[in-house]
Amino acid sequence: MKNPYKILGVKETASLDEIKKAYRTLAKKHHPDLNPSNKTNEAKFKEISHAYDQIGTNEARTKFDQGEPGEENSKQQWSSFYNTQQNAGRYANSYADQFGDDEFFENLFHGAHQKRRAQNQDINYLMDLTLEEAVLGVEKVITLANGKNLKVKIPPGITSGTKLRFAGHGLTENSGPPGNAYIMINVLPKAGYIVQGHDIETELPISFMEALLGAEIEVPTLYGSVNLQIPPNVSTGSKLRIKGKGIITNTDVGSQIVKIKVVLPKKSDPELLKAIKSWNGKYDYNPRGEK
Amino acid sequence: MISSLKIVEAAENSGIDQNIILKFILNEWVVPLNKKELTLDEEDIERIKLIRELGEEFGVNDEAIPIILHLIDQLNHLHLSFKNNYCH
């Protein structure tokens with residue numbers, strides 16, 4: 001459910017007048033009559049109007065703040081999809097071929113039923129995926145117990161332990177319906193990449209100079225390399241976020257968290273040492289004293 | 001009435017990230033009307049919003065989503081068939 005305060009761009013503490021003002025401004029901007037060529041405007045306008053309905057009056061706002069509109073919105077979303085299916089909807093009609101309507105209703109109303117035959121056994125398979133394959137998705141072919149090949153489309157963002165079901169690809173030893181094939185996913189670890197929820201954490205070694213002055217560094221991600229801006233004065237352990245380069249879920253896309261590791265040169269340069277010694281005397285710098 | 005939107009437009013329209021929409025399509029939870037150009041119509045957009053809500057509001061995981069969609073589609077089909085065949 002979208003937050004009506006966010007849709008209208010007001011704070012949750014905003015007054016009714018402020019909400020009304022924000023609504024009027026946005027409604028004017030997105031009104032379909034003013035932008036007939038923009039396909040997305042109508043939906044946006046509806047969204048703004050609905051948000052205002054939710055928090056535009058004291059009564060509605062109290063209900064929303066107490067969490068009541070969630071249910072209302074859910075019903076609305078379910079019925080929105082339902083409404084699209086009531087006039088030859090593609091999704092609903094995809095079932096027409098699976099069971100003929102007449103036959104189904106005859107069975108339903110005349111009590112006709114068939115004796116069920118014992119189903120054949122299911123078979124389980126284990127599929128190892130690299131982290132890249134799991135995050136980005138992949139298509140693989142596995143050879144089933146009956147020698148046939150099965151093309152398996154792995155969706156992006158799959159996690160270890162996910163079980164994919166392939167109906168009818170199990171055993172077919174007896175005359176009953178065939179069993180199912182189940183593929184259990186195992187995502188192999190990748191050195192240097194730690195998955196934490198929807199985020200992926202990596203370490204980035206940088207030089208003393210880069211830490212001090214800042215830099216633009218090319219960082220590998222599972223989606224390809226990106227240039228990361230390192231701000232000046234970062235320390236080992238500082239974390240920088242690259243949005244949209246983590247795990248894809250149904251609600252968001254995680255980030256890659258880049259953990260900085262400052263690496264000093266193996267050999268000290270006498271000139272640098274001299275400069276540091278001179279600097280050290282001049283400035284009061286004690287990281288253990290910082291709060 | 002939405003006639004046909006590209007994924008970028010659908011993302012803007014629904015407020016859902018393009019990658020998430022693409023994931024729904026790759027999972028075959030959403031089947032674009034035009035599979036070649038990946039354009040989505042109103043049915044697809046409403047279905048995308050429904051899937052997102054299933055995950056966000058009801059905590060439904062990826063394994064359960066196709067089962068729920070399958071049942072919803074069957075129910076919608078049966079409801080439509082019932083109306084057409086027996087409610088004249």
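**Exercise 1.** How many salt bridges does the rule find across the interface of chain B and chain A?

*Solution.* The structure is a predicted model. Step 1: across the interface of chain B and chain A, the rule finds one salt bridge. Step 2: the partners are B:Glu28 and A:Lys153, whose side chains meet at 3.4 Å, N to O. Step 3: the cut-off for a salt bridge is 4 Å, so the pair at 3.4 Å qualifies.

**Exercise 2.** Describe the side of chain B that touches chain A by element and by class.

*Solution.* Step 1: helix 1 (7-14), helix 2 (18-26), helix 3 (42-56) and helix 4 (64-86) of chain B are the elements that give two or more residues to this side. Step 2: helix 4 of chain B supplies the largest share, 16 residues. Step 3: sorted by class, the side of chain B that touches chain A holds 20 nonpolar, 14 polar and 20 charged residues. Step 4: in the contact as a whole, 54 residues come from chain B and 41 residues from chain A. Step 5: the two chains bury about 4,300 Å² between them, and 56% of that is on carbon and sulfur atoms.

**Exercise 3.** Is B:Asp73 buried or exposed, and which side chain does the side chain of B:Asp73 make a polar contact with?

*Solution.* Step 1: B:Asp73 is part of helix 4 of chain B. Step 2: the relative accessible area of B:Asp73 is 3%, so the residue is buried, the limit being under 20%. Step 3: the polar contact of its side chain is with the side chain of B:Arg47, at 2.9 Å.

**Exercise 4.** Classify the aromatic pair of A:Phe81 and A:Tyr91, and locate both residues.

*Solution.* Step 1: the whole structure has four aromatic pairs over all chains. Step 2: A:Phe81 and A:Tyr91 form a tilted pair, with 6.1 Å centre to centre and 55 degrees between the planes. Step 3: A:Phe81 lies in helix 5 (residues 69-85) and A:Tyr91 in helix 6 (residues 90-93) of chain A, so the pair ties together parts 10 residues apart in sequence. Step 4: both A:Phe81 and A:Tyr91 are buried.

Terms used: Residues numbered from 1 in each chain as written. Chains lettered and ligands numbered in written order. Predicted model: local features only at pLDDT ≥ 70, side-chain atom pairs only at ≥ 80, totals over all residues. Heavy atoms only, no water. Contact = heavy atoms within 4.5 Å. Buried area = accessible area lost by both parts, 1.4 Å probe. Helix = DSSP H or I, 4+ residues; strand = E, 2+ residues; numbered from the N terminus. Nonpolar A, V, L, I, M, F, W, Y, C, P; charged D, E, K, R; others polar. Phe/Tyr/Trp six-rings, centres within 6.5 Å; stacked < 30°, edge-to-face > 60°. Buried < 20%, exposed > 50% of the residue type's maximum accessible area, 1.4 Å probe, protein only. Polar contact = N/O pair within 3.5 Å; in protein donor to acceptor, adjacent residues only side chain to side chain.
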